[in-house]
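Dear colleague,

Please find the structure below, followed by a short account of what was found in it. I would be grateful if you would read the two together.

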Amino acid sequence: MLETLEQINDAVNTFVWVSIGLFLLIGTGILMTVLTKVFQVTHFGLWIKKTIGSVFHKDISGHTKDKGAISQFQSLCTALAATIGTGNIAGVAAAIAFGSAGSIFWMWVAAFFGMMTNFSENVLGIYYRRRNSEGEWSGGAMYYLRDGLGSKKGMKLVGTILAVLFSCFAILASFGIGNMGQVNKIVLNVKEAFPIDAFNTTLYGEITVYNLILGLMLVILASIIIVGGLKRIANFAEKIIPFMVAFFLMGSLVIIFVNISNVGDAFGAIFRNAFTKKATWGGAVGVSIKTIVTWGFKRGVFSNEAGLGSSVMVHSNSNVIEPVQQGMWGIFEVFADTIIVCTITALVILTSGVVNVETGVMNEGLSDATLASAAFATVFGAWGKKFIALCMFMFAFTTILGWSHYGAKSFEYLFGTKSVKGYKIFFTLMIVSGAMMTSSIAWEISDTFNGLMMIPNLIGVIVLSGTVRKITQNYIDRRLKGKNIEPMISAIPEIQVEQAAKLKKEA
């Protein structure tokens, strides 16, 4: 049964990612980069100033009195909670192991254009969002597909169908990439780093009592936060995410500093292998340029989620007024996740000597799953595994929290606000299943659902690209050029009036 499932999934995955997905993904990023006049470069200072440069401003990080919204900084932290996950450690290691060091270059390319894809998603998310029956903001790809794409001549039915498909795929992905896959990585790493003989009683196969205990602990921890709603998730995320990233980066920088003489060789391998077919890599059959590019793009998207339409669901809950302002947080999200965190992870692996940067041959006994912990062990010894296990725990657990919100918002779109509580309960209970898994099929299926989410979302972004360009130019004309024109804030007339009045009052 598993073999049949794997064959079906491989066929769908190849079609989604290799045949159309990657072209659609990079094409959308290029399109939005061109239409916004390379906004991520030409307005670098602006988006840095308006995001991380303003993090201590009360209107950015201060808690909002609006019960249906969270602060801009909280929305970023919650989005990063979902994006900075196992993909930043295990995903980077897998890209190097199977796609060569050159795949890291293509992760950067995906991130560069992905900045503007994520920017566009967030702009559209704010522009087409609305309040639900409980007064909470609801936004995401399903809304700009239905109300944006669907408003085009003859596209109402298409927009509605794509919105439903996106929501269904997002719910399924929330149980894969956002739940069971993350839990599985937590359990495997914790068991290896912190062995407890008393818990090694076998239940079946390789599953022990340890798996069950960890699974139940995670259920309790997650349920306390998830059932409390977005406010509680956001409050947790803004406290743990900055510490989590700093903790990982400090440990990583120590390793890179110790191996500083190898940094040049690491970057050299990244650039050389990005454009060169490898006759052999890792002691196995060589990899083609197509494979190198594919691994880089897939792991890049798996890491930062630009193009999936996922993080826009929490960005839309921000108390922000200007769509472009939240769009700039989207740029920073991709920048922080891939350009900073993933690059640091890659340098740790490539400079530490656990893999030959020219041949891809890993040290004896290592695999893509253990590359990162082995790299940390070269400097920190036995504590290296424990360090990575703690990082994986924090990264993966916060990913579970973030994705619980994405799945809940998709469930709300399909079945209404009152149905969400049932989804959250089921979501937390499924954590035990992730702890008891042994097959890698869950990760492979997660890849497929990511791609299936991506397709309707990117169709919506492309069709509405002109709207993004107009909103962006409107912001630049008003904010930077001082033109006295009506702001473009919402596609919904009553929200446009309400938010424009707030904007005028703030001015």
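**Nonpolar cores and helix packing**

The largest nonpolar core contains 122 residues, and Phe39, Phe119, Ile241 and Phe248 have the most contacts inside it. A nonpolar core here is a set of buried Ala, Val, Leu, Ile, Met, Phe, Trp, Tyr and Cys residues joined through side-chain atoms within 4.5 Å, where buried means under 20% relative accessible area with a 1.4 Å probe, protein chains only. A second, separate core of 27 residues includes Leu218, Val219, Ile233 and Ile431.

This is a predicted model, in which local features need pLDDT of at least 70 and side-chain atom pairs count only at pLDDT 80 or more, while totals for chains, interfaces and linings use all residues. Residues are numbered from 1 along each chain as its sequence is written, and side-chain values use heavy atoms, leaving out hydrogens and water.

Helix α10 (residues 209–226) packs against helix α17 (residues 382–415) at an angle of about 45°, with their axes 10 Å apart. Axes are lines fitted to C-alpha atoms over the stretch in contact, and angles run from 0 to 180 degrees between N-to-C directions; helices are DSSP runs (H or I, at least four residues) numbered from the N terminus. On the α10 side, the contact (heavy atoms within 4.5 Å) includes Leu218 and Ile226, and on the α17 side Phe393 and Ser404.

Helix α16 (residues 371–380) also meets α17: their axes come within 6 Å and cross at roughly 135°. Among the residues making this contact are Phe376 of α16 and Trp383 of α17.

Technical notes
Helix = DSSP H or I, 4+ residues; strand = E, 2+ residues; numbered from the N terminus. Buried < 20%, exposed > 50% of the residue type's maximum accessible area, 1.4 Å probe, protein only.
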